[in-house]
Amino acid sequence: MAKKTKQEKLLTRKKRVRAKVSGTPQKPRLSVYKSNTNIYAQVIDDVNGVTLASANTLQESVADGAKNNANIEAAKKVGAAIAKACADKGIETVVFDRNGYLYHGKVAALAEAAREAGLKF
């Protein structure tokens, strides 16, 4: 059997997690995506197929003139911004979807910042 590439491992983890995690109107899904240059977070109601809130490092309020938008500090800012956006919409509790990424570094920083800002998951 051929050895799996990093991308194939990511897709396998993503499928396994998404089979178990879905958002409802009462408890939507917080999905994280990261690229080489930016970090994104969305709160999604999977039942209705609607994005309820989003935050990313491309937003002026989050980027704040930073040179690198894909570091841990940027992830913390996105976590706080998504928690604030959820609070504005009246969302207190979410289901966390790390989107196949390992729970460390930027993903963990985003999650911890969202928890510190009052989002429960």
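1. A salt bridge here is a side-chain nitrogen of Lys or Arg within 4 Å of a carboxyl oxygen of Asp or Glu. That rule gives five salt bridges.

2. The model is predicted, with local features needing pLDDT of at least 70 and side-chain atom pairs counting only at pLDDT 80 or more, while totals for chains, interfaces and linings use all residues. Residues are numbered from 1 along each chain as its sequence is written, and side-chain values use heavy atoms, with hydrogens and water left out.

3. R29 and D97 form a salt bridge through their side chains, at 2.8 Å from N to O. R29 belongs to strand β1 (residues 29-34) and D97 to strand β4 (residues 95-97), so the pair ties together parts that are 68 residues apart in sequence. Helices (H or I, at least four residues) and strands (E, at least two) are DSSP runs, numbered from the N terminus. R29 and D97 are both buried; buried means under 20% relative accessible area, exposed over 50%, and partly exposed in between (1.4 Å probe, protein chains only).

4. In helix α4 (residues 106-116), R115 and E112 are three residues apart, about one turn of the helix. Salt bridges that share partners also join R29, D46 and D97 into one network. The closest N and O atoms of the R115 and E112 salt bridge are 3.0 Å apart. R115 is partly exposed at 32% relative accessible area, and E112 is partly exposed at 37%.

5. E73 and K76 form a salt bridge at 3.7 Å, N to O. They are three residues apart in helix α3 (residues 72-89), and about one helical turn separates them. E73 is partly exposed at 49% relative accessibility, as is K76, with a relative accessible area of 38%.

6. The buried residues of α3 are A74, A75, V78, G79, I82, A83, A85 and C86. They pack against β1, β2 (39-45), β3 (50-56), α2 (60-63) and α4, where contact means heavy atoms within 4.5 Å.

7. Just after α3, G90 has a positive phi of about 85°.
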